[in-house]
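Trainee: I have a new structure on my screen and would like to learn how to read it. Could we go through it together, one question at a time?

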Amino acid sequence: MAADITKYIEQLNQLDISNMYTSDFFLTWEKSDDEIAAVFAVADALRELRENNISTKIFDSGLGISLFRDNSTRTRFSFASACNLLGLEVQDLDEGKSQIAHGETVRETANMISFMADIIGIRDDMYIGKGNAYMHQVTEAVREGYKDGVLDHIPTLVNLQCDIDHPTQAMADLLHVIHEFGGVENLKGKKVAMSWAYSPSYGKPLSVPQGVIGLFTRLGMDVVLAHPEGYDVMSDVEEVARKNAEKSGGSFTKTNSMEEAFKDADIVYPKSWAPFAAMEKRTELYGNGDMDGVAALEKELLAQNAEHKDWACTEEMMKLTKDGKALYLHCLPADISGVSCEEGEVDGSVFDRYRAPLYKEASFKPYIIAAMIFLSKQKNPQKTLQDLVDAAKPRKVE
Amino acid sequence: MAADITKYIEQLNQLDISNMYTSDFFLTWEKSDDEIAAVFAVADALRELRENNISTKIFDSGLGISLFRDNSTRTRFSFASACNLLGLEVQDLDEGKSQIAHGETVRETANMISFMADIIGIRDDMYIGKGNAYMHQVTEAVREGYKDGVLDHIPTLVNLQCDIDHPTQAMADLLHVIHEFGGVENLKGKKVAMSWAYSPSYGKPLSVPQGVIGLFTRLGMDVVLAHPEGYDVMSDVEEVARKNAEKSGGSFTKTNSMEEAFKDADIVYPKSWAPFAAMEKRTELYGNGDMDGVAALEKELLAQNAEHKDWACTEEMMKLTKDGKALYLHCLPADISGVSCEEGEVDGSVFDRYRAPLYKEASFKPYIIAAMIFLSKQKNPQKTLQDLVDAAKPRKVE
Amino acid sequence: MAADITKYIEQLNQLDISNMYTSDFFLTWEKSDDEIAAVFAVADALRELRENNISTKIFDSGLGISLFRDNSTRTRFSFASACNLLGLEVQDLDEGKSQIAHGETVRETANMISFMADIIGIRDDMYIGKGNAYMHQVTEAVREGYKDGVLDHIPTLVNLQCDIDHPTQAMADLLHVIHEFGGVENLKGKKVAMSWAYSPSYGKPLSVPQGVIGLFTRLGMDVVLAHPEGYDVMSDVEEVARKNAEKSGGSFTKTNSMEEAFKDADIVYPKSWAPFAAMEKRTELYGNGDMDGVAALEKELLAQNAEHKDWACTEEMMKLTKDGKALYLHCLPADISGVSCEEGEVDGSVFDRYRAPLYKEASFKPYIIAAMIFLSKQKNPQKTLQDLVDAAKPRKVE
């Protein structure tokens, strides 16, 4: 009955995780390789405990605050699941219901919601230069509140998607890949195609492709970023990817050919996004309240997208990949040709074939979030994991 | 101090409940008599435990997902109460806040919300042929997800009202009746009038009258369904009622006279609903996006309703019942003449006289829902009940 | 490690709190001095326990229902925090999502949400003569429901702001003052300026100034209520303040000069509110559905406000206070000149200087609410506090 988490504890024993306690999680590339590995180890350990019906509650009471500035099903439920798994109750900060619109400052709100908050999860991915900055404002505010004696604790901030990175997504994606390939040690030299794909909607966030190239390049893989001309992502993140690849012994290349990217790829991640430059422009237009400009830009971008309908993950395209069997990744929901739209990111038959693995990919996110919280809140995570195993309190009576 | 739940355990010992573990709850007539009796026994047992301040938490953590596609106070709170009573935290899937509108399939959503969901409660009663079908899609999706290894468990689905049945309502109604009449053994031969009544609003769901005739006919009672010509309910459910009555030694009859139904009735349930044929037509109009047609139909139905203002549960009508003292039932909220509307389903004075029993009727719903969950989640419910009594953990310190 | 709550238990031992068990909390002046003192003692004790990582859960399950009829961040989160701290799960009664609009009576709703509710928190401050009355209807309904056997318990009602008082705010304000001045015994003779201040918005609730004058006058302080002519608060509450002052040996005076109020004040509370007479008129206009009248009134009130832009808590004004260092209070969010508006209640530099104490002031509210709940739910609060210390169950594993 007892889950075997010894191997996860041993993994943690060999990692330097001394800086994780009380630390926030903003961008994966702000974390060391050991810290990334620790999140994976704890995520797997928590999953093993839960699947063996062992309670992983480390909080007797406490709140997890969620602040979503964009619609969400998956990430919202993943955050709620992670909090519940650890014993925290979720409280949504719904900006519609709150007085934030009444001219309240970020600093003030951050403190007001934090008196009993152990965690704050924020999704703010819409505006370039804003989302990540907002999260930093929040965490600076609560740290100042702690210093001033307003708060008796520092709530941990977890980035649930910003304008730069989507760490819980990219790490769930990667943990899925690790499991599919039988271990992180098998990823060296594998080719990953992070490719733009056509979608009839526009303005999809850049944080997914950026998150993927910023993380997958750390493992010695050959990561190719493919997109039509003009669909560049944030250059700072490309720079991160380049340096990661250099250090890890892999590579990071760019191409304007989806075929080239898919050729012999072990892993493909075809997904739509908006050009970084256009998103910067949109942010500026919104900032100036220029709604006519926003509408004009939208029209222009949709027309631009429509020129690239051939960027789709078709059966033909999949045949180009390694043995025609690359692992297909997506953050979901995908724009599926003939299913959710006429022409989209992926053929219905390709999606169907990969449905089960795609859902499994998504299933890692609650555990990734829980692991981030766990590592930030436990001085000695190994001991806590062992204590949970030893206590063996059933999650549910059966 | 310790609650006496021995009798409930003994009741359960005599029932065949071997198929309840891991099973969903869609329609009462899909459950055996023993299974219905088991829900009542567990509901009463959980109530006794709670009223004796004994904790009934069988979950240490876990989520109960609620998906309401129609407004609700009572059922929403009943579901939340049931989940809380057993240790689950409620997470609402608010379709407005989620990405469901973004072309996401039912199958995908069902899996995405279920990674840590023990229960999914759905209310989807607006469109004929849709609600129950939707629930089956959800449960098939999570069962497939389990088979594919996406989920490590199968969340139980509880029908919180569909287009066909409203099982938690009808069972709460019946458990109330059982208590009022001093036991299920006293119901044989009792006359029940499930009657249409006038309401100034239109389009009220059919699931309540259908749920009542589909359930009450199982207990040897004489169930009369009364409505003006043209206000038929779903014929399949009438067929269920007919067969139930035959088997149980009761009767199921129909009449177009409210007086005839009320005559010597022991129990009356006067309530408005929309004609099944009209609801089918409305579903089609909505399906075609024909909003003018919907508006025209609404006008037509309101005019049709207005021809039957004499279908009201007045003091005069109540005098026709057994000793003038039939038990008055309603799922609430009722349209009360002179209170919530000018002319409605029931006289203010009748409603007032039955307020306390009406509220008691409603009070069974959280326990019915909790019992459905409990039976689906416990391999040996009798043992779990005994363990809860023995542990005698206080629900609250006092 | 163990928190020292002996002194709080001793404080409680010397107070008559025999009427607090099962009682609601509507207005501070309906509570005895001992009862007010008990709330402070328990609030401090709960804070000490939490800050020493000792669980204060007295509920194993149960719901805290929140019903907000006005937007709120602070009070909503304070209520959620208080419930969570004690082990209750919050369930929001969102009137938009519920069927309340369907002609449901207060009595019915109150019972329907209460089957498993231990606490009901209501904010209803918009309409004069309505909010407090509504809360009384709710509590009468649940008490009747208990008497009728509908409910097996009586949920406690906590006033989270009504048209008359804002007890959780005023008590959080006062507990902050007590801590800042080193004990309640140091407040005698201190001068408090509860002053109107200019805001570019209109219609801010009267319950804050009313709550402050109705509470602070009980402690022997010299409370001055200052506002421009015509901005009177509810006369009944002024009468309460007058009587309080007489009994406590302090004073309650009124002035139309902000300078006079600030002169040598130890504590200042400059805040905008709407004239009571105007709010009464607005309530009537809304009642008659006279939206043109409401718009005209709003215009008139904004013009009236604009005549008093000199009523601002400027640096000059602060210099008038005791040593230029009065404690500045505000319920937040404040209208800060040059920050959240062009001209407002307070200078940016003044606000900045008091930010940390202002946030601390707000931090007491969750504990005040939790203390109100605790005292209403515990027959012997001293014993329960001691039991919590003795059990020393960690709130979180670290």
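Mentor: Happy to, and keep in mind from the start that this is a predicted model. Let us begin with Q378(C) and its surroundings: leaving aside neighbours within four places in sequence, Q378(C) is in contact with V397(B), E398(B), Y21(C), I58(C) and T384(C).

Trainee: Where in chain C does Q378(C) lie, and is Q378(C) buried or exposed?

Mentor: Look for the loop between α15 (365-377) and α16 (381-391) of chain C, which holds Q378(C). Its relative accessibility is 1%, and the cut-off for buried is under 20%. Q378(C) therefore counts as buried.

Trainee: Which backbone oxygen does the side chain of Q378(C) reach?

Mentor: The side chain of Q378(C) has a polar contact in chain C, with the side chain of T384(C) at 2.8 Å. For the backbone oxygen, turn to chain B: at 2.7 Å, the side chain of Q378(C) reaches that of V397(B).

Trainee: Now G129(C): is G129(C) buried or exposed?

Mentor: G129(C) sits in the loop between β3 (117-123) and α5 (131-147) of chain C. The relative accessible area of G129(C) is 51%, and exposed means over 50%. G129(C) is therefore exposed.

Trainee: How many Å apart in space are G129(C) and C162(C), C-alpha to C-alpha?

Mentor: Along the sequence, G129(C) and C162(C) are 33 residues apart. In space, C-alpha to C-alpha, the distance between G129(C) and C162(C) is 9.2 Å.

Trainee: Let us move to chain A as a whole. Why is chain A said to be as compact as a globular protein of its length?

Mentor: Chain A has 16 helices and 11 strands. For its 398 residues the globule rule gives 21 Å, so chain A is as compact as a globular protein of that length, with a radius of gyration close to that value, at 21 Å.

Trainee: And what percentage of the residues of chain A count as buried?

Mentor: Picture the C-alpha atoms filling a box of roughly 55 × 50 × 45 Å along the principal axes. Among contacts in chain A between residues at least 6 apart in sequence, 83% join residues at least 24 apart. As for burial, the share of the 398 residues of chain A that count as buried is 64%.

Trainee: What area is buried between chain B and chain A?

Mentor: Start with the contacts: 38 residues of chain B touch 40 residues of chain A. Carbon and sulfur atoms give 51% of the buried area, and that area is about 3700 Å².

Trainee: Which element gives the largest share of the side of chain B that touches chain A?

Mentor: Between these chains there are 13 residue pairs in polar contact. The elements of chain B that give two or more residues to this side are β1 (63-68), β2 (89-92) and α4 (106-112). The largest share, 4 residues, comes from α4(B).

Trainee: D60(B) and K393(A) meet in a salt bridge. What does the pair join?

Mentor: The distance from N to O in this salt bridge of D60(B) and K393(A) is 3.1 Å. D60(B) lies in the loop between α2 (33-51) and β1 of chain B and K393(A) in the segment after α16 (381-391) of chain A, so the pair joins two chains.

Definitions and conventions. Residues are numbered from 1 along each chain as its sequence is written. Chains are lettered from A and ligands numbered from 1 in the order in which they are written. This is a predicted model: local features need pLDDT of at least 70, side-chain atom pairs count only at pLDDT 80 or more; totals for chains, interfaces and linings use all residues. Side-chain values use heavy atoms; hydrogens and water are left out. Contact means heavy atoms within 4.5 Å. Buried area is the accessible area (1.4 Å probe) that two parts lose on being put together, summed over both. A polar contact is a pair of N or O atoms within 3.5 Å; within protein, one must be able to donate a hydrogen and the other to accept it, and residues adjacent in sequence count only if both atoms are side-chain atoms. The radius of gyration is taken over C-alpha atoms; the globule rule is 2.2 Å times the number of residues to the power 0.38. Buried means under 20% relative accessible area, exposed over 50%, partly exposed in between (1.4 Å probe, protein chains only). A salt bridge is a side-chain nitrogen of Lys or Arg within 4 Å of a carboxyl oxygen of Asp or Glu.
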